[in-house]
Amino acid sequence: MLGTIIKKEILENILSFRFVLFLLICAILIPLAMYVNDVGYQKNLRDYDEQLRLANQDASTLQMGDLMGGRVHLKGFRHPSALSVIAQGLENILPRYYEFNQDGYKQGDASVAEQSTLSAQGKLDFSFIIQIIISLIVMLFASDVISGEKELGTLRVTLSNSLPRDILLLGKLIGGYLSVWIPFTIAFIVGALMLVIRSFPVFAPEIGMKFVLIFFLSSIFIFAYFVIGMMVSASSIRSRTALVAILLGWAFLQLIVPKASDMIASAIYPVRTETAISLQTSLLTNSLETEKAKEKGREYVAIMGGMEAMNNQQQDSPQQARWNEVEKQIDQKYADEKARRMAEITEGHAREKKVQESIALGLSLISPSAAFYHIITDMCGTGELAKSKYIDAVKQHQNSLESAVFSSVKRTMMTTPDGKTMMRFSAQPVDFKTLPNFSIPGITAGEIFKDNLANMLSIVFWMIVPFGIAYVRFLKYDVR
Amino acid sequence: MDRLKIIIKKEILDAFFSYRFIIASLLCLVLIPLGIYVNLQEYKQRLADYQEAMHLYQQRAEGTIDLDFAAEGYRPPSVLSIFSVGLEYYLPNKITTSPGGVFHASNEQGINNPQSLLFGKVDLLFNVTFVISLLALIFSFSTITGEKEGGTLRMMLANPVPRWKILIGKIIGNYLVLLVPFIISIIISLMVLNISGSVDIYSRGILAPFLVILIATLLFILVMFNLGILASTLTHRSITSIVTLLFIWTIFVLTLPKISTMIAEIIYPVKSQQVLDLEKMLVRQDLEKELDHKKRALFDEVETQLGMQDIGASVGTGSPEEKAVHTKFDELKKPMENEYNQRIDNEVNKLQQEYVNRRNVQQLIGMNLSRISPASSYNYLISEISSTGVLEMNNVLKHAQRFQDEVKENIYDKFIIKSYGGLNGGTATMIDWAKGFNPHKAQVPNLAYHQTDLGDAMRAEWVDILLLFLFNIIFFSAGVVIFNRYDVR
């Protein structure tokens, strides 16, 4: 019995004109989006290689003089994510590189800045097609599974057979879902084949695995939307009403919740911006440096009896030894002070941001669409996880450069009590051939899973609950 | 005329009591004021950041103008970004000038909130293009087919009333009903802006552009309306009508605007800004090296001419012979330096110009491709009027170049660097400054920034206004023609 219903559903759908439109949209848009994004990825990759080469060339001509003059700016580039062909996410929004110097790190430009107004709204990619376009069409297919048959009067006839309602509902669900899943699968395979032809490493172990997972995830997502559409259909008497309700529900779930959740979060829990924080930290650094210089000058004059000693230093005089001792103490004191106050600023900010982000995330879980997008961008290495990994890697790289390069130049600034400023350099040689390399650790499957647990639960919720509601409503449905 | 009024009245009443009106009202009343409120908050934040950055820069630079000094210019955020965020977050907000003549435009806003970047912002522009356009279709897809299905169309046409009058009546009636929640939510948003006190909505810089935005928005909603009615006259069942419309909407709103720039990137590729900067640097370095070589050769020549041994770096001990060498050298090297500076400027400008030209062509291809969709035209129009569009990007670069030139003339060129080099590789540098210039009292240069104004935006965007009118006329007249031959049975 179930088989008959499924067959009937599939046949009916395949022969409808919306099926042709759907097939066309899938078969054109999905491979096209993959193609276009692959072209973009290859371009990014070439740019990346070229810039890395030039930056390395630049670094190899560095000399001690540059380091002492504070002219060493090293760059750490982010390798473009291969799976950005599936989900662009933050790919073009993240800075392409960070610049490191003795004062700290600074973000470079993002590639989005070079593009036009429209691409700032996001690019057309596989994830967008699934999340926005296909979800809408799938709900259209589901909108008249119940109410459409009722309007035609066939529902009454069907149910006059000895057929339990739950079997009918299940048959309609499976049949209807299969008739949207098949065109999607075909389009996905065509897109993947095209990537293979363009020699994109689809079969590389990690990427191949992720391709399968992404396909699986998308199938589940489409299923959730089909069930939601069916729930609306089973709750309305006319398919026109069902359609309008679906459209408005779709606009709410797809367009509004993911965007508005963040805006609401920032409205109810405002956080200082990054710019304000970086201004604050640079202000702190400057004021501490000035204070340190003053204190050093005072001590130096007290110990050595005047600045004239700077010119004829005797390494082994007792005063010199005492000064070295004092200088070390002062350095230590200010380093501690700086570390403490920096941590105060940045940790407080990080905490606030974390709260805001979790509010936004919680709100966005109302929509399975946001959940889907979070998971797929994290899988593709273009999501929030990729961003936090990038920033962590940058911080770590700054530390390793600090110990390998920047700390080998010691600049002593002193301000004497009468207001004169003196600068003294001492440097240990640095081998610029063996600079530490910048690299971002890969995202592990465990991290993706851990970060997206709530998102996965949200999708599961949206599969089960609408089905339950559809089931209950259909059992009590007035078929006349 | 009387009949037209009756039809309009009937349509208004019909639409008012439908449940889609309630939902449309809810969506408008929540989304539009929320979008404007949140964008207002973010604008205030950006403004505060801008002021603080300016202040700190002034503090840092005051009285410390010397050879290392690099003047910085900051771009204030656009007030109208409360209506359309557009490129606001991606436009450079800091210009760093350099004595060499090349400025660096950077964006230091940081990647504050990845989620909002991931999903984009909800502003008035987004609400209209995505949500209200969909509502316009929902209000219009069943105007003809619905009456046919209900059997009332036949009866209505049995009266002596021309068909085009019915169509116009239906458009006006339904359109007015949709405008009610829209206008109310706009008024609420304006009240929010007014109460917040941080933005003066009656100032000329806001009121005039806002009115143009409003008119363009009404025009765009009407385009979507006419499209809905056209689809309704083309089909015989409401369900077919809405399915067709949704596909068209998907293509117009979701696909075309996004894919056209990508297609343009493929058919007309342009190298990235980074590569350009590197090329500029290489050209500059090459020419500077050449100049250095020539200068050294010249110095040696002057030395031998005056019968001196290699004096190298020992500058300042001041024997009369040495002074003679230096005076002669200074005199001879000046034309050489000027020539090279000129050449560097030319080469760099040529590269920049080539790049800008190519990028403009690419942008134009993408924009023209996307103009098949009225949604793109509307987007371009609104973002340009709000000074957050492509024009603004060019405006930033123009301001940056002017600022760079100004600072170079007023500050960098006032420092005179004399550098002497001998064959043994040693160099000595002396710094002096031009007459009448005192680095300790020089004023810290600031970037005076003016956003593109309404006039500029309209001059650049008249095509899109025209297109919006054209779409209205085409859809409406096609609707009339087809409805005249519509089978009402």
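## Contacts inside chain A

Leaving aside residues up to four places away in sequence, Asn37(A) touches Ser84(A), Val85(A), Gln88(A), Lys123(A), Leu124(A), Asp125(A) and Met262(B), where a contact means heavy atoms within 4.5 Å. The model is predicted, so local features need pLDDT of at least 70 and side-chain atom pairs count only at pLDDT 80 or more, while totals for chains, interfaces and linings use all residues. Residues are numbered from 1 along each chain as its sequence is written, chains are lettered from A and ligands numbered from 1 in the order in which they are written, and side-chain values use heavy atoms, with hydrogens and water left out.

Asn37(A) has its place in helix α2 (residues 17-60) of chain A; helices (H or I, at least four residues) and strands (E, at least two) are DSSP runs, numbered from the N terminus. With a relative accessible area of 2%, Asn37(A) is buried, a word that stands for under 20% relative accessible area, whereas exposed stands for over 50% and partly exposed for values in between (1.4 Å probe, protein chains only).

A second residue of chain A, Phe438(A), is found in the loop between β5 (421-427) and α15 (445-451). Its relative accessibility is 15%, so Phe438(A) counts as buried. Again leaving aside residues up to four places away in sequence, Phe438(A) touches Gly76(A), Phe77(A), Phe100(A), Tyr390(A), Ala393(A), Val394(A) and His397(A). Phe438(A) and Val409(A) are 29 residues apart along the chain, and 21 Å separates their C-alpha atoms.

## Salt bridges

Side chains of opposite charge can pair when their charged atoms come close. A search of the whole structure finds 31 salt bridges over all chains, a salt bridge being a side-chain nitrogen of Lys or Arg within 4 Å of a carboxyl oxygen of Asp or Glu. Three of these pairs are listed here.

| Salt bridge | N to O distance |
|---|---|
| Asp331(A) and Lys292(A) | 3.6 Å |
| Lys389(A) and Glu447(A) | 3.0 Å |
| Asp456(B) and Arg459(B) | 2.9 Å |

Asp331(A) belongs to helix α12 (residues 318-364) of chain A and Lys292(A) to helix α11 (residues 274-304) of chain A, so this pair ties together parts that are 39 residues apart in sequence. Lys292(A) is buried, with a relative accessible area of 18%.

In the pair of Lys389(A) and Glu447(A), the lysine lies in helix α14 (residues 384-404) of chain A and the glutamate in helix α15 of chain A, so parts that are 58 residues apart in sequence are tied together. Lys389(A) counts as buried at 15% relative accessibility, while Glu447(A) counts as partly exposed at 26%.

Asp456(B) and Arg459(B) are three residues apart in helix α14 (residues 454-484) of chain B, and are therefore separated by about one helical turn. Asp456(B) is partly exposed, with a relative accessible area of 32%, and Arg459(B) counts as exposed at 57% relative accessibility. In chain A, salt bridges that share partners join Lys8(A), Glu9(A), Glu12(A), Glu149(A) and Lys172(A) into one network.

## Surface patches on chain B

Leu13(B), Phe16(B), Phe17(B), Leu29(B), Val180(B), Ile184(B) and Ile188(B) make a nonpolar surface patch of about 600 Å². Patches are made of residues with over 30% relative accessible area and no salt bridge, with like charges joined within 9 Å and nonpolar side chains (Val, Leu, Ile, Met, Phe, Trp, Tyr) within 5 Å; accessible areas come from the Shrake-Rupley method with a 1.4 Å probe, and for residues only the protein chains shown count as cover. The elements of chain B that give two or more residues to this nonpolar patch are α1 (2-16) and α7 (163-196), and α7(B) gives the most, with three residues. Leu29(B), found in helix α2 (residues 19-61) of chain B, is partly exposed with a relative accessible area of 36%.

A negative surface patch is formed by Asp345(B), Asp405(B), Glu406(B) and Glu409(B). Helix α13 (residues 390-410) of chain B gives the most to the negative patch, with three residues, whereas Asp345(B) is found in helix α11 (residues 320-370) of chain B and is partly exposed at 33% relative accessible area.

Technical notes: Lys and Arg count as positive and Asp and Glu as negative; His and the chain ends are not counted. The place of a charge is taken as NZ of Lys, CZ of Arg, CG of Asp or CD of Glu.
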